[in-house]
Amino acid sequence: MKVYLGLPRGFCAGVVRAIDVVELALKKFGPPVYVKHQIVHNPYVVRSLEDKGAITVEDVEEIPEGSRVVFSAHGSPPEDFDKAKQRKLHVIDATCPLVTKVHNEARKYAKQGKKLVLVGHRGHQEVKGTMGVHSMHLVDDREPIQFPEWDSNTSIAVLTQTTLSVDDTQHSIDEIKGRFTNVMVRNDLCYATTNRQAAVKELCKRVDLVLVIGAPNSSNCNRLREVAEAQGVPAFLINGPEELKPAWLKGVDTVGITSGASTPEQLVEAVIKALGPQEVVPIEGVEEDVTFVLPQELR
Ligand code: SF4
C-alpha cells in the first residue's frame with residue numbers, strides 16, 4: 001500500500017495560538033485555568049491540556065467567581081463577556097483573529113445600516129458567537145434556504161463561518177445573489193480551510209480512499225471528508241488508528257491522509273504506523289507561514 005499525505009494539513013495558526021494561550025496561562029498563573037468550550041475541537045488536545053490543569057466547561061455560569069478563564073478559538077458572543085464580568089472572571093480571549101475579523105465586519109456593516117446574512121452551520125460554536133454580535137439571518141447549506149420578508153433591493157452584507165466548504169458556500173452565495181440585487185459579500189472562509197480543501201482535491205486525484213484524521217465535532221474536518229466524497233472518493237473521518245476498519249482497506253492500493261486544523265500531527269503519524277504502508281508520499285501543496293500574536297496579557 002502507498003500512502004499520499006495531504007499538504008497543508010493539521011494545525012492552523014489560530015489553533016496553535018489557542019493552545020499556546022492555555023499552556024502559557026497555566027504556566028503564568030498556575031492551575032486551575034478554566035476553558036469555556038473545548039479550546040479547539042479535538043479531544044486529544046483538550047485532554048492533554050486538562051492533564052496540565054485546564055478545566056473545560058460549557059457555560060460561564062459553571063466557573064467559580066474570580067477565576068481565570070480562556071475563551072475558545074471559535075469566538076464567543078458578547079453576552080458571555082458580560083456574564084464573565086458579572087462573575088468577576090479574568091478572561092483571556094483565545095478567539096482566532098480571523099473569527100474576530102468576522103465579528104468586526106458584523107458591527108461595521110450593521111452600523112452602515114445593512115441587513116446581515118451569515119452563511120454558517122446552525123449550532124456550531126463559531127456561529128453562536130458571531131450571531132451574538134448583532135442580529136443576523138442564518139443561511140445553513142444543509143437546510144432549505146429561506147429569507148425574511150425583505151425587499152429584493154435591501155442592502156445586505158453576507159458574512160460566512162470560517163470553516164465551511166468552499167464549494168457549498170459559493171452555492172449559498174449564488175442563491176442569495178439570485179434573490180437580492182444589493183448584496184455585498186465578505187467571503188470569510190479562512191486560509192487554512194481553503195488550503196486544506198484544495199489539498200484534499202489534489203489527494204483525490206491519486207487515491208482509492210481518503211482518511212481524514214480529526215474529531216467528529218470539528219467543522220473543518222467534516223468538510224474535508226465531504227470534499228473528498230464530492231470528488232467521488234470514499235472518505236472516512238477518524239479520531240485515530242483505533243477507529244480504522246479493515247473492511248475499508250479491502251482492495252485499496254492507495255490511501256490519502258489529511259487532517260483538520262485542530263488535529264495534532266501525532267495522530268496522523270499513528271494512523272500511518274497502523275496502516276504500515278510500503279511508501280509514504282507527501283503531495284506538493286501551499287506552504288503556510290501565518291502566525292498570530294498572543295493576547296496582550298500573555299506577551
Ligand atoms: S480554522 Fe481558520 S478561523 Fe479557525 S482557528 Fe484556524 S485559522 Fe482561525
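Biologist: Is G285 buried, exposed or partly exposed?
Modeller: This is a predicted model. In it, G285 counts as partly exposed, because its relative accessibility is 34%. Buried would need under 20%, and exposed would need over 50%.

Biologist: Where is G285 in the fold?
Modeller: G285 sits in the segment after β13, and β13 covers 279-282.

Biologist: What separates the C-alpha atoms of G285 and T130?
Modeller: Those C-alpha atoms are 31 Å apart. Along the chain, G285 and T130 are 155 residues apart.

Biologist: OK, switching to the ligand. Which residues surround the ligand?
Modeller: C12, G14, C96, L98, T162, T163, C190, Y191 and A261 surround the ligand.

Biologist: How many of the shell residues are nonpolar, polar and charged?
Modeller: Six are nonpolar and three are polar. No charged residue is in that shell.

Biologist: And what kind of space does the ligand take?
Modeller: The ligand takes up the largest cavity.

Biologist: Next, helix α2. Which of its residues are buried?
Modeller: V45, V46 and L49 are buried in α2, which runs over residues 43-51. Seen down the axis of α2, the buried residues fall within an arc of 100°, so they line one face of the helix.

Biologist: Why would residues a few places apart point the same way?
Modeller: An α-helix has 3.6 residues a turn, so residues three or four places apart point the same way.

Biologist: What do the buried residues of α2 pack against?
Modeller: They pack against α1, residues 13-29, and against β3, residues 54-57.

Biologist: What does N42 touch?
Modeller: Leaving out residues up to four places away in sequence, N42 touches G214, A215, S262, T263, P264 and L267.

Biologist: How are N42 and A247 placed?
Modeller: N42 and A247 are 205 residues apart along the chain. Their C-alpha atoms are separated by 26 Å.

Biologist: Now the backbone. Which residues does a cis peptide bond join?
Modeller: P8 is in the loop between β1 and α1. A cis peptide bond also joins P31 and P32, again with omega about 0°. P32 lies in the loop between α1 and β2.

Biologist: What about phi at H37?
Modeller: Phi of H37 is near 70°. That is a positive value in a residue other than glycine. H37 belongs to the loop between β2 and α2. H37 counts as buried, because its relative accessibility is 10%.

Biologist: And phi at K88?
Modeller: K88 has a positive phi of about 55°, although K88 is not a glycine. The loop between α3 and β5 holds K88. K88 is exposed, because its relative accessible area is 59%.

Biologist: Let's do some helix residues. What does Q125 touch?
Modeller: Beyond residues up to four places away in sequence, Q125 touches K36, H37, H41, E58, S72, H74 and G75. Q125 is found in helix α5, residues 125-131. Q125 is buried, with a relative accessible area of 8%.

Biologist: What about V268 in α9?
Modeller: Helix α9 spans residues 265-275. V268 counts as buried, because its relative accessibility is 0%. Neighbours within four places in sequence aside, V268 is in contact with L5, R9, I213, I257 and S259.

Biologist: Last one. Where is T194, and what does T194 touch?
Modeller: T194 is in helix α7, residues 191-204. T194 touches V166 and L189, not counting residues up to four places away in sequence. T194 counts as partly exposed, because its relative accessibility is 33%. The C-alpha atoms of T194 and S165 are separated by 8.2 Å.

Terms used. Residues numbered from 1 in each chain as written. Predicted model: local features only at pLDDT ≥ 70, side-chain atom pairs only at ≥ 80, totals over all residues. Heavy atoms only, no water. Near = heavy atom within 4 Å. 1 Å grid on protein atoms, 1.4 Å probe; cavity = no way out; pocket = protein on both sides within 12 Å on 5 of 7 lines; lining within 4 Å. Sits in = over half its atoms within 2 Å of the grid points. Nonpolar A, V, L, I, M, F, W, Y, C, P; charged D, E, K, R; others polar. Buried < 20%, exposed > 50% of the residue type's maximum accessible area, 1.4 Å probe, protein only. Helix = DSSP H or I, 4+ residues; strand = E, 2+ residues; numbered from the N terminus. Arc of directions from axis to C-beta. Contact = heavy atoms within 4.5 Å.
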